[in-house]
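The following questions and answers examine one protein model, shown below with its sequence.

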Amino acid sequence: MAERPRRKQLADQVAEELQERVLKGEWKPGEKLPTEFDLIEDLNVGRGTVREAVKILVTRNVLEIRRGNGTYVVENPGQVEDPFGFAFYGDKWKLAEDLCEVRLLLEPDIAALAAARATREEVDYILTCCEAVEQAIHSGQSHSAADMEFHGAIAAASHNHVMASMAPVIQKSVSAFIEVTNSSLTEMTIQTHRQVADAIARHDAEAAGAAMREHLVNNRDHIVTVSRGASFV
């Protein structure tokens with residue numbers, strides 16, 4: 001009866017060891033781990049313990065098992081697609097508005113930090129993402145993915161890991177806004193995105209923060225206006 005608790009405790013220890021190796025960069029995001037046999041020999045534990053440790057890290061979104069191909073480090077270790085369970089919120093209009101308010105508290109400062117800290121390569125990527133949004137809108141295609149990439153690139157360029165980890169919240173907000181408004185604020189999106197991107201490119205933190213605030217206020221006001229109209233339909 002005592003064997004199972006002991007193995008579980010050992011599996012936790014092995015999971016921590018594997019996670020530490022990921023954190024230290026021994027295995028990078030997207031990289032395949034050694035075979036199960038190699039891990040058994042390396043860690044000097046049994047097959048059951050290795051498998052339990054891997055399952056623990058799968059639930060933490062550190063590893064993923066690809067059937068018939070092996071175990072890999074996920075692209076964004078520790079991050080999950082919907083960490084706060086937004087998919088289960090019943091009122092999508094209220095969710096979009098609340099998410100926009102949260103972004104108003106965070107993103108202007110994120111944009112300001114990006115303007116102060118972004119490398120040349122990061123600036124170039126932000127501008128590329130900005131252009132991708134514009135091209136998608138002008139071609140009549142969905143700009144949701146490009147929009148999320150744009151805001152994610154700005155968060156990454158802040159060089160603040162906690163801010164960058166908020167990307168799922170930002171991305172969900174972008175997705176929710178586009179969904180409830182049916183992409184109806186496209187020209188304003190192009191204009192304010194460009195103002196944010198250009199300010200970051202100039203390394204003008206104050207202008208970047210102000211442009212991001214304008215962008216989000218426009219989004220919030222549009223959500224409120226459209227939702228009131230929808231409630232009467």
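A crossing of two helices is called left-handed if the near helix is turned anticlockwise from the far one by less than a right angle, and right-handed if clockwise. The model discussed here is predicted.

Q: Is the crossing of helix 4 and helix 6 left-handed or right-handed?
A: The axes of helix 4 and helix 6 come within 7 Å and cross at roughly 60°. By the definition above, a near helix turned anticlockwise by less than a right angle gives a left-handed crossing. The crossing of helix 4 and helix 6 is left-handed.

Q: Are helix 4 and helix 6 roughly parallel or oblique to each other?
A: Angles under 35 degrees count as roughly parallel, and 65 to 115 as roughly perpendicular. The axes of helix 4 and helix 6 cross at roughly 60°. Helix 4 and helix 6 are therefore oblique to each other.

Q: Which residues of helix 6 make the contact with helix 4?
A: From helix 4, the contact is made by Arg103, Glu107, Ile110, Ala111, Leu113, Ala114 and Arg117. Their partners in helix 6 are His151, Ile154, Ala155 and Ala157.

Q: Is His151 buried or exposed?
A: His151 is found in helix 6, and it touches Arg103, Glu107, Ile170, Val174, His193, Met212 and His215, not counting residues up to four places away in sequence. Buried means under 20% relative accessible area. With a relative accessible area of 1%, His151 is buried.

Q: What pattern does the protein chain follow along the sequence?
A: The protein chain has 10 helices and two strands. Of its 233 residues, 39% count as buried. Read along the sequence, the pattern is α-α-α-β-β-α-α-α-α-α-α-α.

Q: Residues 24 or more positions apart account for what share of the contacts in the protein chain with a separation of 6 or more?
A: The share is taken among contacts with a separation of 6 or more. Within that set, residues 24 or more positions apart account for 72%.

Q: What distance separates the end C-alpha atoms of helix 9?
A: Helix 9 has 16 residues, which should span 22 Å at 1.5 Å a residue. Its buried residues are Thr189, Ile190, Thr192, His193, Val196, Ala197, Ala199 and Ile200.

Q: Are helix 2 and helix 3 roughly perpendicular or roughly parallel to each other?
A: Glu36, Leu39 and Ile40 in helix 2 meet Arg47, Val50 and Arg51 in helix 3. Helix 2 (residues 36-43) and helix 3 pack at an angle of about 105°, with their axes 9 Å apart. Angles of 65 to 115 degrees count as roughly perpendicular. Helix 2 and helix 3 are therefore roughly perpendicular.

Q: Does His159 count as buried or partly exposed?
A: The place of His159 is the loop between helix 6 and helix 7 (161-165), and it has a positive phi of about 60° although it is not a glycine. Buried means under 20% relative accessible area, and exposed over 50%. At 42% relative accessibility, His159 counts as partly exposed.

Methods:
Residues numbered from 1 in each chain as written. Predicted model: local features only at pLDDT ≥ 70, side-chain atom pairs only at ≥ 80, totals over all residues. Heavy atoms only, no water. Axes fitted to C-alpha atoms, helices over the stretch in contact; angles between N-to-C directions. Helix = DSSP H or I, 4+ residues; strand = E, 2+ residues; numbered from the N terminus. Parallel < 35°, antiparallel > 145°, perpendicular 65-115°, else oblique. Contact = heavy atoms within 4.5 Å. Buried < 20%, exposed > 50% of the residue type's maximum accessible area, 1.4 Å probe, protein only. Expected span 1.5 Å × (residues − 1).
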